[in-house]
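I opened this model to look up a few packing and pairing details. My notes follow in the order I ended up reading them.

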Amino acid sequence: MSEPDLDGLSQSFTQLLEEFKDSVNKFFSMPNIVMEEKENVPTVSQNEVLSLYTKLDRLLRELSLCRVYEASVQELDSVNTRKRKRCYQLMSQTRVYNLMWNVGLKRLDSVISGAVSEVDLTGIADNVMETLGERFIVNLGETAAAIEKLCTVYKCVDNWNPFMIPGYPKIINVDHFLVKYALHQYEKLYSELGSEIFKRLLSFVINQVQTINVHSKDIMPAIQCTSLKVEIESLYRDFKCPKLPVLFYKFITHNVELADGSTFLQFFTSQYLNIYRDHKSPDDEFYLEALKDLLKLTRSLFGTDFHKVSKRICDKILKSTILTRECLIPLVETSVSKANIKSIWLIIYTHINAGALESCKEAFSVSLRSVGKSKCWSIFHQVLNFGRNQAYAIQIRSFLWELLQENFEGDLNLVEFLANDMDVCIKRFMERIRAKLDANIEVSAKCMEAKFYEKIFSEIRSILEVLSELKLLGVFMPVYYEKYWFRRIILNGREYKKCIDEKIVLMEDGLEKLVGQKSALVSSMLEVVAEIKKNGCFTNINNIDTVSITIPRSAVPESFLDYTVEIKTLPADLQKTLEELNSLRTNSSSPIVTQSQFALHHLEVETPFTFPDNSKFILDVTMVQACILDYFNDLDQITVDQVSRRYGIEDFELTMAMESFVSIGMVKKVGNNYRLDYNFTPKGSASSSGKRRVPYSGKRRLKSVEKRDSTWKIEILRAALIRTLKYGQRHMTFNELKAEILNQISGFSVGELKIAVDKSKDYYSYHNGKYKFII
């Protein structure tokens, strides 16, 4: 081929390249296809746009098929340099492609370089970094728009000849190539300002997104770069949606690498987490709320298109925060001390989901031991109710039961505590009913709709559920019945009678479902309730609401049969009330024989003394103490013998009651005489009820105390014994059984264990000195 022909081929390629460059510039200057009328920009027709698309496609194809020759001068004689000959060399296909790509890349370079224009870079101070960061945020959007246009320009390459893409097939398409190029150009641009400036700018963007959505939800960040205020405010509103810059999604999609070899996603995840740590500390009360917002933000930022990315980042966040020991311990301590139920539930849920429950259990064990048993139970009760219909409800309950037993150091302590707590719940409810009755406020079934009722009985249900799932109801019932329930039903007989008459659902109504009809104690409780409804007398005597309840002797616990107070005559006013009540019972149609009891009465007595703040000194006393005070109304100085003769009370009971007044200084003892001290001034103040109890200093005489205390302990030992044999599923000697049970319960004797073994014969077989559970 002649020289003119070769020159013609080169000029043809150059002309095509210039035409392609002009078309690209025209495409970049072209406004959007649809423009708003208020902008006064001419609308570009669809045909004009399609025509330009077609031209760009044609030019790219023609350029890629060109054969281009480059001219060079070859020296024939090294001595005589006057004669030279022009040589032509075929341009490599790679170089041809590079010349085509350079047209678009120069456009991209001009956009990226705008990120540092008009910024005073004298020293990279914090305020300069903020200005640079804001310009970077704006520039990211401009660069993404430029890449989108260039993808349109080079669109045919993806489908027609992807080998034109530098780095293909590792670089999978035009978008991948341009995004990777843009990232490296950013690194090159900012490296002139400092080796870490680009990463600091990326962190600035991540910080703004997180701050707007998690840490300062209602406050938009202050804008430093006032010349770009409108653009930045618009981008911050996009962050609030929430959205990341478009280019960030492209960096993640194509898994592009930074100069240090790490991927953009790795850097993003690391900084995303570090920024959260800078804002929140694990001992912050709202740490978990912010963490929850961060996880929610992460899922929203990436949506369904980046589900795997979202899950990966969320897992990384959890593994670096709540699932680490360094974070977990202060987090649990704060949540427990503040009784933050949502946080506690979230911690347990997260660890169950991650299969890391043991470390969670250790942290809770330490924290719960420091808050006391009452607060511990309150937390358990609330978490139980909060997570009742949530995910992992069964696993969380099981986790709570283990912690509960561990915190109370065995079943014995747990049963005793829950029995007392249930009594406190019933007492609070009955005191509310009493207050209504005293104020002549109607008491009806509507009170079950009140929040107070629901709160009280929610806690009672929680207690019973816990005991039922731990299989401790059989042990709990004797303790609760004897030590608490029977006493409560007598002390609050009036309130019980009113609730029963008004058909208010009480705790006793739900016991049958949990414990079962076979329980003798539940049957006794229901029998007592039925008897109160049938034979209870509710009347008004001497302007005092008075109630008389009759309880079957078979339902009276041994402890109350062992201890009774004999009083033959009550103080005058009380004696008259008692006689009228007896008269009501005599006239009733029910042929029952009754015996009055005075061991549990508490009476309110107003004294002539006052507290230092001049408030009245009102006493809450037993019936025996009330008899003594009644006698002091007649005489300033009395003897035990005198009181005994008037009221028919044993000397032992009277002496103990008299000494209780001596112990607080209200009465002075002179020989065998007791004299009221009118100079007495009570110490302290009244209780929350406005009354002061006078406790007995000595112990009352009871029968068979040790026997009764041992009985319910043996029941707990039986439960532990059966549980050990059942889940052990192996032959065990007596000593092995004892060792296993000691891991669960302490404070029992060998004799008590032997009795428990003897009472559990139906549950095991015994052969060659070993026990085995019968399936």
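**Entry 1: the strands.** I began with strand β8, residues 667-670, which runs antiparallel to β9 and is joined to it by four bridges. I keep in mind that this is a predicted model. I looked up one of the pairs: V667 has L676 of β9 as its bridge partner. Next I checked the turn. The hairpin of β8 and β9 has two residues between the strands, and G671 takes a positive phi near 65° there.

Which strand does β9 also pair with, through three bridges? I found β7, residues 637-639, again antiparallel. Here T639 is the bridge partner of N673 in β9.

Then I looked at the faces of β9, residues 673-676. Y674 and L676 lie on the covered face. N673 and R675 lie on the uncovered one.

**Entry 2: α14 and α15.** I moved to helix α14 (residues 341-354) and helix α15 (residues 357-369). Their axes come within 8 Å and cross at roughly 150°. That is over 145 degrees, so I log α14 as roughly antiparallel to α15. I listed the contact residues. From α14 they are I344, I347, I348, H351 and I352. From α15 they are L357, S359, C360 and F364. How do these residues divide by type? I have seven nonpolar, two polar and no charged.

**Entry 3: α30 and α31.** I then took helix α30 (residues 734-742) and helix α31 (residues 750-758). The axes are 12 Å apart and the packing angle is about 105°. This value falls in the 65 to 115 range, so α30 is roughly perpendicular to α31. On the α30 side, the contact uses F734, K738 and I741. On the α31 side, I noted V750, L753, K754 and V757. The tally for this contact is five nonpolar, no polar and two charged.

**Entry 4: the whole protein.** I count 31 helices and 12 strands. Of the 775 residues, 46% are buried. The accessible surface is about 41000 Å², and carbon and sulfur atoms hold 49% of it. I also checked contact range. Among contacts between residues at least 6 apart in sequence, 70% join residues at least 24 apart.

Notes:
Residues numbered from 1 in each chain as written. Predicted model: local features only at pLDDT ≥ 70, side-chain atom pairs only at ≥ 80, totals over all residues. Heavy atoms only, no water. Axes fitted to C-alpha atoms, helices over the stretch in contact; angles between N-to-C directions. Parallel < 35°, antiparallel > 145°, perpendicular 65-115°, else oblique. Contact = heavy atoms within 4.5 Å. Nonpolar A, V, L, I, M, F, W, Y, C, P; charged D, E, K, R; others polar. Buried < 20%, exposed > 50% of the residue type's maximum accessible area, 1.4 Å probe, protein only. Areas by Shrake-Rupley, 256 points an atom, 1.4 Å probe, with all protein chains shown as cover. Pairing = 2+ DSSP bridges.
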